[in-house]
Amino acid sequence: MVAPRLALISKKTIKPSSPTPLSHRIKNLSIFDQLNPCSYMAFAMFYPKQYNPTLPVEPTHISTILENSLSRALTSYYPLAGTIRDDDLHVECNDVGAKFLEAKIDCPMSEIFNHYSTEAEDLVFPTNVPWTPSKENLVVAQLNHFNCGGIAISACVSHKIVDGSSMINFINHWSAMARNPCAPVSSFQFIGGSIFPPVSIPIAEAILKSKTRGNHCCISNKYLFSRSKINSLKAMIAAESRTQSSSTIDPSSVEAASAFVYKCMASISTRPSVFTQSVNLRSIVKKMLPEEFQGNASFLFMAPQIADPTEIKLHKLISEVRKEKETYFSRDWETKNLVTTLFEKVKSLQNQLEKDDDEVDVYKCTSLSKFPFCDMDFGWGSPRRMCLGSVPINKKIFLMDSQNGDGIEVLVSLKEEDMSSLETNSNLLEFASPSLGF
């Protein structure tokens, strides 16, 4: 196994290149921030030497570029250089800084990807950091050097401060600073707390508790839906809707893949199940927020509970999720009305999520499809591969565009005994294949 071959070269603290103004020293958290844990989201970008002829040969040159550009990026994303107060309602933007680790992995990069499980990929992340809670050093990055000359850059960023969209923006901003050290430092705004104030503490704590229940002993696997298989799946769902409902459902690739994977995962259990999806609300709150806004702006949408897993109908599930979204996206909101509606929604989510692992199985889906991963160019081209590593969140589904853009890659996380059943699920394997790296 490759794990013993990692050697830590250095460990530094990177502070913002300019101090945060006193007027920005306290950031109020929003309802969207409040309902997310202090855990680190984690992404890794792989740059093989053979695909990046401009990749510097000298390791110290690479680390200097990344350290200096990270320092400049933190000036724009100043809350990420701070610490979260114990009340979980404020961030001290005190310029404590980010951790930056450098490591050498004594194997070729290709060896990392010769496994269906994500266990080998975890090597490029800071040890015991991804998806774990922390209220300080809200960014932890690691530069990994492989003996083939390629590198991997991993970034762990606090979900309490940003969602997936803002995290990708942060990494893209970091890479832009690396490509052009003379570029002016951008000004972003973290003002969600003043527009979308937090809800009552007991409700928020109940939802956060529900997000961490049953997350022990989980493993993650990846499955690839090729473009041809996605098209076949979409056609199957459309045909199903024509014969079983009054209207035809024409699902998107993400809708088809996420609903199908949920059905396969739910079939492992005999308990009732619920499908939830994290949805980016930026398109409906954009008139309430400045263009420079960064932070959390995602919310959980939930389909009705299904008592018997064998009764899951893909077209009906997709229709129900669409209906739930349309309740929000079809209206021209005023800020006060949206906050009130979200508060009521949070209370109903609390009631449902608290049942997870006791009475029902709650499957949590997040799509990163169409995110601008190709912009992560630090000066030596776009990453050849992106990964999340292992995700220790039970019944979690992540979707990303496949590396060549010709399909959907799905990461699923389950308890080990449930994953064993999923790996032999004939319905899943009819449309998806275990994903192996490059």
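Mentor: Let us begin with I84, which counts as buried because its relative accessibility is 5%, buried meaning under 20% relative accessible area, exposed over 50% and partly exposed in between, with a 1.4 Å probe and protein chains only. I84 lies in strand β4 (residues 83-84). Leaving out residues up to four places away in sequence, I84 touches C38, H90, V91, S134, K135, L138, S158, K160 and I161, where contact means heavy atoms within 4.5 Å.

Trainee: What should I know about the origin of these values?

Mentor: This is a predicted model, in which local features need pLDDT of at least 70 and side-chain atom pairs count only at pLDDT 80 or more, while totals for chains, interfaces and linings use all residues. Residues are numbered from 1 along each chain as its sequence is written, and side-chain values use heavy atoms, with hydrogens and water left out.

Trainee: Why is P59 called partly exposed?

Mentor: The relative accessibility of P59 is 33%, so P59 counts as partly exposed. P59 has its place in helix α2 (residues 59-76); helices (H or I, at least four residues) and strands (E, at least two) are DSSP runs, numbered from the N terminus. Apart from neighbours within four places in sequence, P59 is in contact with E102 and H145.

Trainee: What is the order of the strands in the open sheet?

Mentor: The order is β11-β10-β12-β14-β15-β9-β16, with 7 strands and mixed pairing; two strands pair if DSSP finds at least two bridges between them. Strands of a sheet pair through backbone hydrogen bonds, either parallel or antiparallel.

Trainee: What makes β11 and β16 edge strands?

Mentor: Both β11 (298-302) and β16 (433-434) are edge strands in that each pairs on one side only.

Trainee: How many bridges join β10 and β11?

Mentor: There are 5 bridges, in the antiparallel sense, between β10 and β11, and the definition asks for at least two, so the two strands pair. M302 in β11 is the bridge partner of T276. Strands β9 (residues 218-226) and β15 (residues 407-415) also pair in the antiparallel sense, over 9 bridges, and F225 has I408 of β15 as its bridge partner.

Trainee: Which helix packs on the sheet by touching β10, β11 and β12?

Mentor: That is helix α11 (residues 335-353), which touches β10 (273-280), β11 and β12 (361-367). The direction of α11 makes about 55° with that of β11; axes are lines fitted to C-alpha atoms, for helices over the stretch in contact, and angles run from 0 to 180 degrees between N-to-C directions.

Trainee: Why is β11 described as mostly covered?

Mentor: In β11, 5 of its 5 residues are buried. S298, L300 and M302 point one way, and F299 and F301 the other way.

Trainee: What makes Y47 and F378 an edge-to-face pair?

Mentor: The centres of Y47 and F378 are 6.3 Å apart and their planes stand at 85°. Rings of Phe, Tyr and Trp (its six-membered ring) pair if their centres lie within 6.5 Å, and planes under 30 degrees apart count as stacked, over 60 as edge-to-face and the rest as tilted. Y47 lies in strand β3 (residues 40-47) and F378 in the loop between β12 and β13 (385-387), so the pair ties together parts that are 331 residues apart in sequence. Y47 is buried at 0% relative accessibility, and F378 is buried at 1%.

Trainee: Where do F301 and Y328 lie?

Mentor: F301 is in strand β11 and Y328 in helix α10 (residues 314-329), 27 residues apart. Their pair is also edge-to-face, with 5.1 Å centre to centre and 90° between the planes. F301 counts as buried at 3% relative accessibility, and Y328 counts as buried at 4%.

Trainee: How do you know that the length of α10 agrees with its number of residues?

Mentor: The expected span of a helix is 1.5 Å times one less than its number of residues. For the 16 residues of α10 this gives 22 Å, and the end C-alpha atoms are 22 Å apart, so the two agree.
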